[in-house]
Amino acid sequence: MSQNALPLAARKAALVTGAGRGIGRAIAQELAGRKLPVFVNYRSDEAAAEDACAAIRAAGGEAYPLRADVSDREAVAAMFADIRQRGFWVQTLVNNAGIVRDGLLAMMPADDWRTVLGSNLDGSFHCARAALQTMMSRKSGQIVNIASVGGMRAQVGQANYAAAKAGVLALTRGLAREVGRYGIRVNAVAPGFIDTDMLAEMKASDKGAALLEDARAKQIPLARFGRPEEVAQTVGFLCSSAASYITGHVLVVDGGLCA
């Protein structure tokens with residue numbers, strides 16, 4: 001059976017990439033709370049993905065862990081095949097997986113450039129293309145790409161990350177124009193400073209902690225860091241019928257950082 005010939009009885013589901021921890025986990029929980037079966041994608045931290053699924057099930061939701069490196073086209077194809085074999089199709093895709101490899105561009109190893117673009121940008125491409133094969137045939141679906149204010153306001157030492165996230169923003173707008181006629185909506189959420197493991201790592205060093213405190217006190221009008229749940233609720237809105245006439249939009253969740 002081809003990807004486009006799923007039985008009509010196949011159930012709608014959500015796929016959230018990089019969903020074992022942080023923002024991805026919060027998004028998976030938000031969508032599960034909206035009565036969607038959720039596939040929790042992870043690349044290497046199986047324990048975190050299993051724990052995320054257990055938390056969703058404990059709250060009365062339905063969740064399944066799925067391992068795949070989204071920068072690998074064949075791994076993504078295998079992940080979608082697994083979802084189909086379980087009797088589901090991805091009606092809601094959230095491209096959240098991403099990594100950082102900070103460093104000044106003049107001294108940046110080529111692998112750090114390629115790895116960051118591979119996870120953040122190529123991963124969004126691979127997953128969107130795989131999901132669209134069924135979404136287009138069913139004339140239904142929504143994709144939310146997790147970008148970053150870093151794609152609009154680059155930081156020193158993050159040229160690779162900024163390029164990747166700026167690419168995600170352009171991908172969102174271009175794809176929205178291509179698939180709107182099929183009833184598919186494509187949007188992006190661009191978080192600012194969100195209190196996740198990434199921020200915790202920065203806080204662990206004196207220099208990083210000082211930079212974060214300066215940003216909180218002087219650059220963010222709300223004078224605090226965001227919570228993963230606040231990003232997740234925004235994604236939930238964009239995936240809901242309340243956002244049925246919104247596509248090609250970038251919703252910034254940054255406490256006013258870019259104001």
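**View 1. Strand E1 and its two neighbours in the predicted model.** In this predicted model, strand E1 (residues 11-16) runs parallel to E4, and 6 bridges join the two. Look for Arg11, whose bridge partner in E4 is Phe88. E1 also pairs with E2 in the parallel sense, this time over 3 bridges. Follow the chain from E1 through helix H1 (residues 22-33) to E2, and you have traced a right-handed β-α-β unit.

**View 2. Strand E2 meets strand E3.** Strand E2 (residues 38-42) is joined to E3 by 5 bridges, and these strands run parallel. A handy landmark is Phe39, which stands opposite Tyr64 in E3.

**View 3. The whole sheet.** Now let us step back to see how the strands line up. The open sheet has 7 strands, in the order E3-E2-E1-E4-E5-E6-E7, with parallel pairing. Strand E3 (63-67) and strand E7 (250-253) are at the edges; each has a single partner strand, so one side of each has no neighbour in the sheet. From one strand to the next, the twist averages 25°. As a reminder, strands of a sheet pair through backbone hydrogen bonds, either parallel or antiparallel.

**View 4. Two helices against the sheet.** Helix H5 (residues 159-179) lies across strand E5 (141-146), strand E6 (184-191) and E7. Its direction is at about 160° to E6. Helix H8 (residues 228-238) packs on the sheet too, touching strand E4 (88-95), E5, E6 and E7. The direction of H8 makes about 165° with that of E6.

**View 5. Helices H4 and H5 side by side.** Two packed helices are described by the angle between their axes and the distance between the axes. For helix H4 (residues 110-138) and H5, the axes come within 8 Å and cross at roughly 15°. Angles under 35 degrees count as roughly parallel, and H4 and H5 are therefore roughly parallel to each other. Their crossing is right-handed. The residues of H4 that meet H5 include Asp112, Trp113, Leu117, Phe125 and Leu132. On the H5 side, Tyr161, Lys165, Val168, Leu171 and Val179 are among those taking part.

View 6. UniProt lists residues 12-192 under "domain: Ketoreductase", in an unreviewed entry. Over residues 12-192, the chain is 49% helix and 20% strand. The end C-alpha atoms of this stretch are 31 Å apart.

Methods
Residues numbered from 1 in each chain as written. Predicted model: local features only at pLDDT ≥ 70, side-chain atom pairs only at ≥ 80, totals over all residues. Heavy atoms only, no water. Pairing = 2+ DSSP bridges. Helix = DSSP H or I, 4+ residues; strand = E, 2+ residues; numbered from the N terminus. Axes fitted to C-alpha atoms, helices over the stretch in contact; angles between N-to-C directions. Contact = heavy atoms within 4.5 Å. UniProt positions renumbered as here; feature names shortened; annotations may be inferred. Right-handed = clockwise from strand over helix to strand, strands pointing away. Parallel < 35°, antiparallel > 145°, perpendicular 65-115°, else oblique. Left-handed = near helix turned anticlockwise from the far one by under 90°.
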